Every structure is written in structure tokens, then in C-alpha cells.
Amino acid sequence: MSSTPLIVAIDGPAGAGKSTVSRSLASRLGLEYLDTGAMYRAVTHAAISRGVALEDTEAVAALAGTIRLRVAHGRTSVDGVDISESIRGDAVTAAVSTVAANSAVRQVMRDLQRAWGLARAGGVIEGRDIGSVVFPDALLKVYLTASPRVRAERRVAEVGGDVDEMEKAIIQRDLKDSSRSDSPLSASSDSIVVDTAGRSVEAVVEEIVTMIAQRRTAIGS
Ligand code: CDP
């Protein structure tokens, strides 16, 4: 084994299949997996439940810097309280892009994410800005995507609801995430764009495993 950290960045918009693909890829590679969306969701949940106004950027950033945030093994907790289910609820989903646009919050999250990666020999990290900002030197950067309709249909299959409404909500969140000034959602020029429409998780994981092997051969690691 080489000592080069094997950081795989998986970015992309909501419903592109990042979580399922990242989890499966990590287990295939024997690496740990970090869901950075859960981190932003946890800060949002903490702000809402403690009555901190989301527009009060300083107060939300102070909160982000003081809570004890743990995201591991598919569970998320803040100050020892498991909030894994509630961070997926509508209230957090509707508010998370506002918190994610807060630069001071992003700074705190980025530091935690880099520390996570550096403490390991590598890992699969999923988010919006992992390849572009958090780990610009990642071994492989993948940008998973699919049309808003396809992504909405997937989300509805998972959590229920109306496809048209879901599509509208997804387009709105995409817009907020890609138009913010700090680390907007976008495929960096050195990322490999993979459209997941009509493809199985296994096929996408297989393609990424092949790309990692090619990359390691190319850099001789
Ligand atoms: O699972 P889903 O794709 O719905 O979203 P998520 O990955 O849980 O991320 C929730 C939100 O967190 C996103 O809409 C972004 O606003 C924000 N986020 C971010 O700004 N940067 C990241 N690295 C990850 C998430």
C-alpha cells in the first residue's frame, strides 16, 4: 500500500445518488465515508431547535463552532443527542441552503472535514465543494448528476410526496447552492462528470473503482 492518502471526492446536487454511491464505494474500498451534507444539516437543526435566527450569520457561526458534532456510521449527533432522523425532515431541508451559504459556518465545517481526511489514510467524502475547495488535491473527483426530474423521482421513491413539488424544491435548492458566493456547487474542471440517470448503483461504483485504479497507476501509487 502506498502512503498517499486516498481521498475520493463525490460532489453533486440533491438526489444525484451521492450518498448511496459513496457508502457503497467506501465499503468496497475498505475506507471510511463522510457525509458533509449531514454536517450542514446538523448545524441547521441546532440553530432551529435553539431558536437562533438563520439570518443572524454571526450567531449561527458561533453555534457551529461550539457544538460537538459527530457524523459517523450513518448517524449524526450534536452534543451527544442523536438527530439522524430529524435532520432529514422538511424544516431542515428547507433551511439548510441558507446556513450553507454562511461563510463563517463553511470555514468551521471545512476545518472539520480536512481534519477528518488527514486523520485517516483516506476516505470517501461526499458533498458540494469537496473536490473544488475542501480537498482540491483529492486522488479522484467525481461529480454525480442527473436531470432534476430524475432526481425528484428518486427522492419521491425514497421519502414519498409529489414528483412535481419535489422537482420544484430540488431546482430551488440547486439554484441556492450554485449561486452562493462561497464555494458554490459546480463541477470543477478536473472532476469527472457521471450522469447517473438510468444506471444502477453497482454500475456507477464499478466505473469509479476502475477510474481510481487508473489514477493510481498513472501516478504510480
Ligand atoms: O442529501 P441531499 O443531496 O438532499 O443534501 P445533502 O447532501 O444532505 O446537503 C444538504 C445541503 O447542505 C445542500 O443543499 C447544501 O446547501 C449543503 N452542503 C454544502 O453546502 N456543502 C457540502 N459540502 C455539503 C452540503
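Author: A residue counts as partly exposed when its relative accessible area falls between the two limits, under 20% being buried and over 50% exposed. The model considered here is a predicted one. By that scale Arg149, at 33% relative accessibility, is partly exposed, and Glu153, at 41%, is partly exposed as well. These two residues form a salt bridge in which the closest N and O atoms are 3.9 Å apart. Both belong to helix 7 (residues 148-159), and because they are four residues apart there, about one helical turn separates them. The pair is part of a network of salt bridges that links Arg149, Glu153, Asp164 and Glu167.

Side chains of opposite charge can pair when their charged atoms come close. Across the whole structure, a search finds 18 salt bridges. One of them joins the side chains of Arg28 and Glu206, with 3.0 Å from N to O. Arg28 sits in helix 1 (residues 18-29) and Glu206 in helix 9 (residues 201-219), so this bridge ties together parts that are 178 residues apart in sequence. Arg28 is partly exposed, at 44%, and Glu206 is partly exposed, at 38%.

A further salt bridge pairs Asp190 with Lys141, the closest N and O atoms lying 2.9 Å apart. Here too distant parts of the chain are linked: Asp190 is in the loop between helix 8 and strand 8 (192-195), Lys141 is in strand 7 (residues 140-145), and 49 residues separate them. Asp190 is partly exposed, with a relative accessible area of 42%, whereas Lys141 is buried, at 6%.

Technical notes. Residues are numbered from 1 along each chain as its sequence is written. This is a predicted model: local features need pLDDT of at least 70, side-chain atom pairs count only at pLDDT 80 or more; totals for chains, interfaces and linings use all residues. Side-chain values use heavy atoms; hydrogens and water are left out. A salt bridge is a side-chain nitrogen of Lys or Arg within 4 Å of a carboxyl oxygen of Asp or Glu. Helices (H or I, at least four residues) and strands (E, at least two) are DSSP runs, numbered from the N terminus. Buried means under 20% relative accessible area, exposed over 50%, partly exposed in between (1.4 Å probe, protein chains only).
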